[in-house]
Amino acid sequence: MDLLDKINKQNDIKNIDEADLEELAGEIRSFIVGNVSRTGGHLASNLGAVELTMALHLCMDFPEDKLIFDVGHQAYTHKILTGRKDDFYKLRQFGGISGFPKTSESDADAFNTGHSSTSLSAAMGLVAARELRGTDEKICAVIGDGSMTGGMVYEALDQMSQLKSNCLVVLNDNEMSISKNVGGLSMSLNKLRVGKTYNDLKLNVENALLNIPDVGMKMAKGIKRSKDSIKNLFIPGSMFEEMGITYVGPIDGHNIPEMVKIFKDAFELNKPVIVHVKTVKGRGFAVAERHPEYFHGVGPFDIDTGKPLSTEKVLTNTDVFAKKLIEIGEKNDKLVAITAAMGSGTGIRKFSKKFPDRTFDVGIAEQHAVTFAAGLAKGGYVPVVAIYSSFLQRAYDQMLHDVCLQKLHVIFAIDRSGIVGDDGETHQGIYDTSYLRSMPGLTIIAPKGRHELEAALDYAMTVDGPVAIKYNKGRCFHDGDEKSTRFIEGRAEVMNFSTTVGDYKGPSVALIGVGDMVETAVNIREKIKDKTGMTPALINLRFIKPLDSERISETLKNYDIVALLEDTIREGSVGEEVAYIMMESGAKCRFLHFCVKDEKLPHGCVPRLKETQGLDEKSIYNKIAKEMGI
């Protein structure tokens with residue numbers, strides 16, 4: 001790692017000899033693989049963007065210049081080149097560096113990212129700020145081909161087409177290997193299109209033609225039409241050109257000298273430029289090149305084999321959902337499934353193998369996915385929209401306007417609800433209860449475990465209107481006898497009433513659990529029982545909306561201490577509604593609300609994050625025990 005040892009702060013790469021850049025790229029790859037194998041993280045996308053990031057750093061000065069990574073899961077090389085390599089041993093760990101760009105982490109990070117398709121809009125904002133200030137810093141957005149399915153990209157491009165100053169967009173296309181058109185002719189055309197001589201000549205010719213009386217305008221338009229018709233046949237970026245944005249490419253995204261030349265020329269033009277680069281996901285790590293989707297985001301693994309270090313087979317909520325969806329699909333041919341580029345992560349891919357004609361992957365387009373589902377529902381089908389909690393929030397208006405106000409039978413399977421962990425604040429599912437509860441006519445179910453998730457899907461098929469089922473990432477709680485999961489609309493499940501064994505004379509206690517926090521409540525119930533001989537009442541809320549207000553009111557009136565456990569933020573939470581019911585009912589109990597205290601959570605493992613919020617089993621038990629005086 002001799003060359004990498006010379007990279008200790010931003011812009012140090014410019015001190016590396018050009019002949020050594022390829023070797024440095026190899027060292028960076030080895031460094032990324034070595035660290036991600038221990039901590040987990042986004043691997044394939046980062047390995048594919050090594051040379052691309054190096055080339056941009058050779059053309060830009062940090063922190064003055066602004067580099068924005070769309071999504072941000074390809075920014076590891078950028079972090080390494082800006083003085084953070086010594087912190088990679090705690091990548092995505094609590095208190096360590098984030099797996100995504102963070103302005104609080106380094107002034108070389110221009111914009112926080114974690115969700116897709118935002119980079120071009122952010123870049124346009126930075127360009128507008130630059131123009132208002134009258135400064136001249138370079139601004140570049142790096143966006144993957146997958147992110148180009150997001151509608152915001154085209155809204156930003158529409159504004160970008162009117163831009164009269166520089167903004168560089170690098171389209172990182174990593175879906176396939178370098179194609180044949182990355183050859184001598186393509187390279188020559190690329191150099192010509194961003195070259196100063198060509199652009200000055202083009203402008204002078206256009207101006208000269210326009211100054212010819214009567215016929216000049218017609219001649220200019222005729223030449224443009226002829227040029228465009230030929231261009232549309234041979235140039236893949238003609239769509240961008242039609243919008244008035246210069247397109248260059250595709251070029252080899254692993255050829256540093258070629259990219260440096262193109263990027264430097266592109267930065268010199270007083271107009272927006274899109275440079276299309278071809279890269280290979282997982283580049284330099286054979287197993288990741290062969291299986292780029294698997295190595296997109298991984299846990300710790302063995303470098304020699306690529307196999308995960310943990311071999312424990314864990315049944316997850318996603319597994320249960322996928323299997324149950326197929327079971328329902330076999331009985332009901334009106335069931336269709338929709339995903340937004342997360343087929344594997346949500347379990348929809350398993351359904352698609354069984355029912356390819358009834359499965360739709362709309363790409364990174366959550367807003368479209370929801371309104372598309374509304375159209376399917378209007379057409380007589382029952383769409384199941386499976387999207388992660390943090391991504392579904394992008395489609396709030398579509399849920400409200402297109403689904404709920406029309407009372408359409410759309411089922412939302414909300415994966416990764418609650419505290420998620422390693423990916424940090426942009427991926428936490430702690431906001432869904434708040435944004436879902438405001439939806440008119442939406443039934444919201446938070447199943448406590450395996451059998452209840454299955455029952456929730458069966459029940460959702462019978463509801464006349466929209467239904468949201470939210471469940472956490474990771475291990476599925478084995479919630480006992482499946483016969484106990486019969487759903488009655490808006491009714492909570494009483495898992496047991498309070499009983500006293502022995503001489504305990506203290507306050508009575510009731511625990512109310514929401515979703516996966518029911519498991520925590522079960523464990524706390526047993527701890528209190530062991531300590532006092534009294535078994536607290538335990539209620540599984542099941543329905544977040546409609547809420548079982550009658551059961552909650554009775555509980556508040558009949559118990560001295562009532563504790564509600566949910567892993568969501570306080571604002572808009574179930575706990576807020578329970579507090580309102582308590583005020584209305586005149587109950588005098590001590591109400592303890594355990595929820596996410598902070599409005600945003602950093603990255604870190606879920607148990608550690610729960611500790612910081614007082615949502616771990618020990619913290620909750622200690623607080624209840626203190627109230628009980630035990």
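**Basis of the entries**

I note that this is a predicted model, in which local features need pLDDT of at least 70 and side-chain atom pairs count only at pLDDT 80 or more, while totals for chains, interfaces and linings use all residues. Residues are numbered from 1 along each chain as its sequence is written, and side-chain values use heavy atoms, with hydrogens and water left out.

**Charged patches**

I located Lys626 in helix α25 (residues 617-628). Helices (H or I, at least four residues) and strands (E, at least two) are DSSP runs, numbered from the N terminus. On the surface, Lys626 gathers with Arg570, Lys597 and Lys623 in a patch of positive charge. A patch is made of residues with over 30% relative accessible area and no salt bridge, like charges being joined within 9 Å and nonpolar side chains (Val, Leu, Ile, Met, Phe, Trp, Tyr) within 5 Å. Lys and Arg count as positive, Asp and Glu as negative, and His and the chain ends are not counted. I then recorded a surface patch of negative charge made by Glu571, Glu576, Asp598 and Glu599. Of these, Glu599 lies in the loop between β19 (590-596) and α24 (606-612). Glu599 is exposed, because its relative accessible area is 54%.

**Salt bridges**

I counted 33 salt bridges, each defined as a side-chain nitrogen of Lys or Arg within 4 Å of a carboxyl oxygen of Asp or Glu. One of them joins the side chains of Lys448 and Glu493 at 2.9 Å, N to O. This pair links distant parts of the chain, 45 residues apart: Lys448 is in the loop between β10 (443-445) and α20 (450-460), and Glu493 is in strand β12 (residues 493-496). Both Lys448 and Glu493 are buried.

A further salt bridge joins Arg590 and Glu627 at 3.2 Å, N to O. Here too the pair links distant parts of the chain, with Arg590 in strand β19 and Glu627 in helix α25, 37 residues apart. Arg590 counts as partly exposed at 40% relative accessibility, and Glu627 counts as partly exposed at 30%. I also noted that Lys79, Arg84, Glu105 and Asp109 are joined into one network by salt bridges that share partners.

**Helix α1**

I examined helix α1 (residues 21-39), whose 19 residues reach 27 Å from the first C-alpha to the last, close to the 27 Å expected at 1.5 Å a residue. The expected span is 1.5 Å times one less than the number of residues. Helix α1 is mostly covered, with 14 of its 19 residues buried. Gly40 follows α1 and has a positive phi, near 80 degrees.

**Backbone geometry**

Most residues other than glycine have a negative phi, and most peptide bonds are trans. I therefore set apart Val71, which counts as buried at 10% relative accessibility and has a positive phi of about 65 degrees. Asn11, in the segment before α1, has a positive phi near 75 degrees.

Which peptide bond is cis with omega near 0 degrees? I found that bond from Gly249 to Pro250, and Pro250 lies in strand β4 (residues 246-252). The bond from Lys545 to Pro546 is also cis, with omega near -5 degrees.

Conventions. Areas by Shrake-Rupley, 256 points an atom, 1.4 Å probe, with all protein chains shown as cover. Charge placed at Lys NZ, Arg CZ, Asp CG, Glu CD. Buried < 20%, exposed > 50% of the residue type's maximum accessible area, 1.4 Å probe, protein only.
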